[in-house]
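Thanks, everyone. Please have the model up on your screens.

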Amino acid sequence: MGEECKGGGHGGVVDPAAIEKLYEGVPPMPLMALNHISRLCKSVDASVRFYVKALGFVLIHRPPALDFSGAWLFNYGVGIHLVHRDDARRAADVNPAGELDPMDNHISFQCEDMGAMEKRLKEMGIRYMKRTINEEEGSPIDQLFFKDPDGFMIEICNCENLELVPAGALGRLRLPRDRHNPPLRMDGAE
C-alpha cells in the first residue's frame, strides 16, 4: 500500500493516472456483497432486542460449534453477529455516552421510508441525529444517526438518491445478482 490516491470522493480532482496505478496488478475478486458485521456487546440479550425491535432483524440459528455467548441476526441481505464482550475483549471503536458524530465508525442501512424509521426511533425513545446533505447538488440524502446499546453508531439513509460514479475502473464494479443471499430453510425450523 503506502501510495496516495488523489481525489475519488472528497470533491477533489480525480487524477486518472493515480487511479489507474491503484488497480495495477489487482485481479478481479470473487466477492459478491457484504455478508455480516460482528459486534462485541455487553449484553447479547439487550442487543438482540435492539436489532430486532429497532431495525427489524431476525434471530437465526448459529452453528453449534460456536460455544461462546453470542447471537446471529439476519435481514436485508446482511447478517449481524453479536459476541458477548468480556474483560479480555473490548470494543475500542465505540463511545456509548458520547455525542452522535456521523464521522464515527458506523454501519449504514438503506431505507425506503425515512419518516417511518424516524417515527420508530421516537416511539422507542432512541436518541438520534437527523441531517440532510447534498441538497445543493440536487440529490438530497436524508440521514438518521443513533447508537445501539453498546454505543456502536448506526446510520439510516436514502442514499439511492446519490449517483454512483466510479473514479475510473468501471469494469471492476461487481453488483450482486441473485446469489448473494444465503439459502433460506423454510421447513418450520424454530
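A word on terms before the count. Helices here are DSSP runs of H or I with at least four residues, and strands are E runs of at least two. With that in hand, the chain has three helices and eight strands. And please keep in mind that this is a predicted model.

In what order do the elements of the chain run from the N terminus? The order is α-β-α-β-β-β-β-α-β-β-β.

Now the overall numbers. The chain has 190 residues, and 27% of them count as buried. The chain exposes about 13300 Å². Carbon and sulfur atoms supply 54% of that area. Next, contacts. Take those between residues at least 6 apart in sequence: 57% of them join residues at least 24 apart.

On to the rings. How many aromatic pairs does the structure hold? Five. I'll show two.

Start with Phe50 and Phe146. Their ring centres are 6.3 Å apart, with 55 degrees between the planes. Edge-to-face needs over 60 degrees and stacked needs under 30, so this pair counts as tilted. Where do the two residues lie? Phe50 is in helix α2, residues 44-55, and Phe146 is in strand β7, residues 141-147. So the pair ties together parts 96 residues apart in sequence. Both Phe50 and Phe146 are buried.

Phe57 comes out at 2% relative accessibility, so Phe57 is buried. Phe109 comes out at 9%, so Phe109 is buried as well.

Now put the rings together. Which residues do ring pairs link into a cluster? They are Phe50, Tyr51, Phe57, Tyr76, Phe109 and Phe146.

Last topic: charges over rings. Arg39 lies over the face of Phe152, 3.5 Å from the ring centre. Arg62 has its charged end over the ring of Phe68, at 4.9 Å from the centre.

That's my tour. Over to you.

Notes: Residues are numbered from 1 along each chain as its sequence is written. This is a predicted model: local features need pLDDT of at least 70, side-chain atom pairs count only at pLDDT 80 or more; totals for chains, interfaces and linings use all residues. Side-chain values use heavy atoms; hydrogens and water are left out. Buried means under 20% relative accessible area, exposed over 50%, partly exposed in between (1.4 Å probe, protein chains only). Contact means heavy atoms within 4.5 Å. Accessible areas come from the Shrake-Rupley method with a 1.4 Å probe; for residues, only the protein chains shown count as cover. Rings of Phe, Tyr and Trp (its six-membered ring) pair if their centres lie within 6.5 Å; planes under 30 degrees apart count as stacked, over 60 as edge-to-face and the rest as tilted. A charge sits over a ring if NZ of Lys or CZ of Arg is within 6 Å of the ring centre and within 35 degrees of the ring normal.
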